[in-house]
Amino acid sequence: MTMQKTLRIAGVVDDSVVDGDGIRYTIFVQGCPRRCHNCQNPETQPLAGGREESIAHFLEEIRKNPLLTGVTFSGGEPFLQPAPLAALARLVHEHHLDVWCYSGYTLEELQARHDAATNDLLANIDVLVDGEYREEERDLTLHFRGSRNQRVIDMNATRQKGQIILLYED
């Protein structure tokens, strides 16, 4: 199996405090089929947009900031590019940083794919914020998500206990 060495991205924020706990390097991947009404990042939806960047480039940029506590994959839809993101997540963990991932799909939908690359990415993220954004369930008081249907899943505890464990239940 050949590892894809690049990602198609829409952009990055190199010191975000809103895309997960702590100070985060956030990668906004390009492409999303969900088309959620009032999407926070509509420019990331077209599959043909964005630019290619190497995994090595991201690792180099991440290593430049000693204040980072982790890396966040957002979008667009990260699970359209699971193989390179899983590879990057493994490298990020080697530098003792955690990995958060936002997806418009639920954990159950992702698991139902029975796809090796999707499973690899799920195995290498620490926190999954899952579910599509729903305008009718918008709630600005929630931790790290925009609508009540979305969940912030502690993936390490979920894997360990064999059931979904939420990081925030507000």
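The model is predicted: local features need pLDDT of at least 70, side-chain atom pairs count only at pLDDT 80 or more, and totals for chains, interfaces and linings use all residues. Residues are numbered from 1 along each chain as its sequence is written, and side-chain values use heavy atoms, with hydrogens and water left out.

Start with the strands. Helices (H or I, at least four residues) and strands (E, at least two) are DSSP runs, numbered from the N terminus. Two strands pair if DSSP finds at least two bridges between them. Strand 2 and strand 4 run parallel, joined by five bridges. Here I27 has F73 of strand 4 as its bridge partner. Strand 4 also pairs with strand 5 (residues 98–102), again in the parallel sense, over four bridges. T72 stands opposite W100 of strand 5. Between these two strands, the chain passes through helix 2, and this β-α-β crossover is right-handed. That term applies if, with the strands pointing away from the viewer, the path from the first strand over the helix to the second runs clockwise.

Move on to strand 6. Three bridges join strand 5 to strand 6, and the two run parallel. W100 faces V127 of strand 6 in this pairing. Strand 6 and strand 7 are antiparallel, with four bridges. V129 has V152 in strand 7 as its bridge partner.

How well covered is strand 4? Five of its five residues are buried. Buried means under 20% relative accessible area, exposed means over 50%, and partly exposed lies in between (1.4 Å probe, protein chains only). Both faces of strand 4 are covered, with G70, T72 and S74 on one side and V71 and F73 on the other. Strand 6 is covered on both faces too: V127 and V129 are buried on one side, L128 and D130 on the other.

Now look at helix 1. Its residues I55, F58, L59 and I62 are buried.

Next come the rings. A pair of aromatic rings is described by the distance of the centres and the angle of the planes. Rings of Phe, Tyr and Trp (its six-membered ring) pair if their centres lie within 6.5 Å; planes under 30 degrees apart count as stacked, over 60 as edge-to-face and the rest as tilted. The whole structure holds three aromatic pairs. In one of them, Y25 and F58 sit edge-to-face, 6.5 Å centre to centre, with 70° between the planes. This pair links distant parts of the chain: Y25 is in strand 2 (residues 24–29) and F58 in helix 1 (residues 55–63), 33 residues apart. Both Y25 and F58 are buried.

F144 and Y168 form a tilted pair, 5.8 Å centre to centre, with 50° between the planes. F144 lies in the loop between strand 6 (127–130) and strand 7 (151–154), Y168 lies in strand 8 (residues 166–168), and the two are 24 residues apart. F144 counts as buried because its relative accessible area is 17%. Y168 is buried as well, at 18%. Ring pairs join W100, F144 and Y168 into a cluster.

Y105 has charges over its face. A charge sits over a ring if NZ of Lys or CZ of Arg is within 6 Å of the ring centre and within 35 degrees of the ring normal. R34 lies 4.5 Å from the ring centre of Y105, and R113 lies 4.8 Å from that centre.

Finally, check the backbone. Most residues other than glycine have a negative phi, and most peptide bonds are trans. The bond from G75 to G76 is cis, with omega near 15°. G76 is in the loop between strand 4 and helix 2. H96 is not a glycine, yet has a positive phi of about 60°. H96 lies in the loop between helix 2 and strand 5. Is H96 buried or exposed? At 75% relative accessibility, H96 is exposed. F144 also has a positive phi, near 60°.
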